[in-house]
Amino acid sequence: VEPRSFLPEDTDSEAYDVQIRAYRRMGGKGRTAVMFRLTEMARKIAVAGIRERHPDYDDEHVRRALFRLRYGDELARRVFPDGELPDP
């Protein structure tokens with residue numbers, strides 16, 4: 001495997017090489033499918049964290065809190081200019 005410009009701090013270099021080889025064997029469609037699954041998992045984890053920290057939030061508060069978490073206060077204020085920005 002070629003030299004790495006990025007090695008995650010929590011991953012052994014041998015494990016990282018195995019992972020990179022597996023991703024290469026998947027091809028573009030396979031890697032894209034993995035990316036979508038991981039993105040959805042991350043969204044679900046973030047929503048679960050918001051709900052855990054703020055059990056009183058309704059679905060709209062959770063949606064706005066997630067938006068604020070993902071995109072930051074500046075964009076959240078532009079998208080929701082008339083409403084509150086719930087804490088994530």
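**Entry 1: Glu 60**

I began with Glu 60, which counts as partly exposed at 32% relative accessibility. I note that the model is a predicted one. I then looked up the charged partners of this residue. Glu 60 forms a salt bridge with Arg 63, with the closest N and O atoms 2.8 Å apart. A further salt bridge joins Glu 60 to Arg 64, where the closest N and O atoms are 2.9 Å apart. I recorded Glu 60, Arg 63 and Arg 64 as linked in a network of salt bridges.

**Entry 2: Spacing along the helix**

I checked where these partners sit in sequence. Helix 2 covers residues 59-79, and in it Glu 60 and Arg 63 are 3 residues apart, so about one helical turn separates them. Glu 60 and Arg 64 are 4 residues apart in helix 2, which again means a separation of about one helical turn.

**Entry 3: Arg 68 and Asp 87**

I next examined a pair that involves another arginine. The side chains of Arg 68 and Asp 87 meet in a salt bridge, at 3.2 Å from N to O. Arg 68 belongs to helix 2 while Asp 87 belongs to the segment after helix 2, so this pair ties together parts that are 19 residues apart in sequence. I looked up the accessibility of both partners. Arg 68 has a relative accessible area of 17% and is therefore buried. Asp 87, at 46% relative accessibility, counts as partly exposed.

**Entry 4: Total of salt bridges**

I also looked up how many salt bridges the structure holds. The total is 6, and those I have described include Glu 60 with Arg 63, Glu 60 with Arg 64 and Arg 68 with Asp 87.

**Entry 5: A nonpolar patch**

Which residues make the nonpolar surface patch? I listed Tyr 71, Leu 75 and Val 79, which together make a patch of about 260 Å². I located Leu 75 in helix 2. Leu 75 has 32% relative accessibility and so counts as partly exposed; a patch residue needs over 30% relative accessible area.

Conventions: Residues numbered from 1 in each chain as written. Predicted model: local features only at pLDDT ≥ 70, side-chain atom pairs only at ≥ 80, totals over all residues. Heavy atoms only, no water. Salt bridge = Lys/Arg side-chain N within 4 Å of Asp/Glu carboxyl O. Helix = DSSP H or I, 4+ residues; strand = E, 2+ residues; numbered from the N terminus. Buried < 20%, exposed > 50% of the residue type's maximum accessible area, 1.4 Å probe, protein only. Patch = residues over 30% accessible without salt bridge, like charges linked within 9 Å, V, L, I, M, F, W, Y side chains within 5 Å. Areas by Shrake-Rupley, 256 points an atom, 1.4 Å probe, with all protein chains shown as cover.
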